[in-house]
Amino acid sequence: MDTPIDKKRRFVILTVTEKCNLDCVYCFERAKGGSSMDLSVAKEALEREFANADGFDDIEIDLFGGEPTLCKKLLIELVKWVETRKFKKPAVFFLETNGTQVHGEFQAWLLKNKRHVNVSLSLDGTPETHNANRSDSYSKIDVGFFVKNYPQQAVRMTVDRRTVGRLCDDVMHLHNLGFLRIDASLACGIEWETGDAVEVLREQLEKLCRCYLGHPELKECSLFDMHLPDLLRQGKSLPSRCGAGTSIVSVATDGRRYPCHTFQPNTTDIPVELGALDFSKISDFRDPECSGCVLEPACPTCYGINHRIHGNMLKRDKDYCRVMKIRALAVSFLRGKQIEEGSKDMTPAELHQTIKAIRLVQNAFSSV
């Protein structure tokens, strides 16, 4: 969920269950078991987080899994309890779901509590792609319910290397369904360099560029959320890319606290509890091996996945290097064409910086 620019928000991720009714091919929760959170554990966790929320304006309570809607009774009782508890800090709930359990009475409850509970659907595109990735579940989802009632909430789409050849069709399918925002991300922790997946990704991003140039009214999916002027910040220290361990705390089903959900035992066999790594004392989150790379200032990373793979949260997964270079080339191409056509609204300073960054990317990666 987006945070207002002028708000400092505390994110409390409650893993209400490790259970899931699907078996997604790219799931990063490789060690999940069958445990679920007791209501008393959830209440105790929230009491603690609200009591220690000084310095934050509000709190977002993320209902996470597994598939959280397998615990409907817990969700309903917890939302009601927070409302009646009347904490000093305002709170909002955020529910990310695969949608297969959102029907009938639960839909009615969500609509009744729409002011308190925001909902995001995970949907990977066309029925063909979604079913290949997510256990033949497309027909079990009332897609129209999410489009109609949560129009401003991004739909979550994960791109897997085995279905990347349909990426453009998948993104446009979601646009055609009526979703205004598409949060598309490349599956993490998988081997993108296997086979021709990276070259197929290049072709699909080029197709997407042409689609967006032909339909400027569409909001680009998040694969194009790369702010090119950031690339001009070469040599400067890198801030944390997320609030893991600082503004974010994740609570496992047993009540233990972690920097974020990717450090929990259901995700990694080397879990790290909150406090074992002091994120607040790290002034530079760079990976020394990435020093000098043009993309370093804008290249995303996941500290939990890094820790799982390398035992070092700052050591990045280098399997993504060529993927990120191709993505940067696509973004630079799209921005260049938009500048030529005058379809991208920029200040003079941003225009100058973007053109400079486009040249930087093209010169660095034209042979990739």
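Biologist: Is Arg9 buried or exposed?

Modeller: Arg9 is buried, and its relative accessible area is 8%. Buried means under 20% relative accessible area, with a 1.4 Å probe and protein chains only, while over 50% counts as exposed and anything in between as partly exposed. Please note that this is a predicted model, in which local features need pLDDT of at least 70 and side-chain atom pairs 80 or more, although totals for chains, interfaces and linings use all residues. Residues are numbered from 1 along each chain as its sequence is written, and side-chain values use heavy atoms, without hydrogens or water.

Biologist: Where is Arg9 found?

Modeller: Arg9 belongs to strand S1, residues 9–15. Strands (E, at least two residues) and helices (H or I, at least four) are DSSP runs, numbered from the N terminus.

Biologist: Which side chains does the side chain of Arg9 make a polar contact with?

Modeller: One partner is the side chain of Asp58, at 3.0 Å. Another is the side chain of Glu60, at 3.2 Å. A polar contact is a pair of N or O atoms within 3.5 Å; within protein, one must be able to donate a hydrogen and the other to accept it, and residues adjacent in sequence count only if both atoms are side-chain atoms.

Biologist: New topic, then. Where does Asp160 lie?

Modeller: Asp160 sits in the loop that runs between strand S5 (155–159) and H6. Asp160 is buried, with a relative accessible area of 0%.

Biologist: What does the side chain of Asp160 join up with?

Modeller: The side chain of Asp160 has a polar contact of 2.6 Å with the side chain of Arg162.

Biologist: And which residues is Asp160 in contact with, leaving aside its neighbours within four places in sequence?

Modeller: With those neighbours set aside, Asp160 is in contact (heavy atoms within 4.5 Å) with Val25, Tyr26, Asn133, Ala187, Ile190 and Trp192.

Biologist: How many cavities of 30 Å³ or more does the structure hold?

Modeller: There are two of them. On a 1 Å grid over the protein atoms alone, a cavity is a set of points where a 1.4 Å probe fits but cannot get out, and lining residues have an atom within 4 Å of a point. Grid points are joined across faces, edges and corners, and the volume is the space filled by probe spheres set on them.

Biologist: Which residues line the second largest cavity?

Modeller: Its lining is made of Asp124, Thr129, Asn133, Met157, Thr158, Val159, Asp160, Thr163, Val164, Arg166, Leu167 and Asp170. Helix H4 (127–133), S5 and H6 are the elements that each give two or more residues to this lining. S5 provides the largest share, three residues. The volume of this cavity is about 40 Å³.

Biologist: What volume does the largest cavity have, and what lines it?

Modeller: The largest cavity has a volume of about 40 Å³. It is lined by Val119, Ser120, Leu121, Phe146, Tyr150, Gln153, Ala154, Val155 and Phe179. Strand S4, residues 117–121, gives the largest share of this lining, three residues.

Biologist: One last residue. Is Pro259 buried or exposed?

Modeller: Pro259 is buried, at a relative accessible area of 1%. Pro259 lies in the loop between strand S8 (257–258) and helix H8 (303–310).

Biologist: Which residues is Pro259 in contact with?

Modeller: Leaving aside neighbours within four places in sequence, Pro259 is in contact with Ala244, Gly245, Ile248, Val249, Ser250, Val272, Glu273, Leu274 and Phe279.

Biologist: How many residues apart in sequence are Pro259 and Lys114, and what separates them in space?

Modeller: Pro259 and Lys114 are 145 residues apart in sequence, and their C-alpha atoms are 28 Å apart in space.

Conventions: 1 Å grid on protein atoms, 1.4 Å probe; cavity = no way out; pocket = protein on both sides within 12 Å on 5 of 7 lines; lining within 4 Å.
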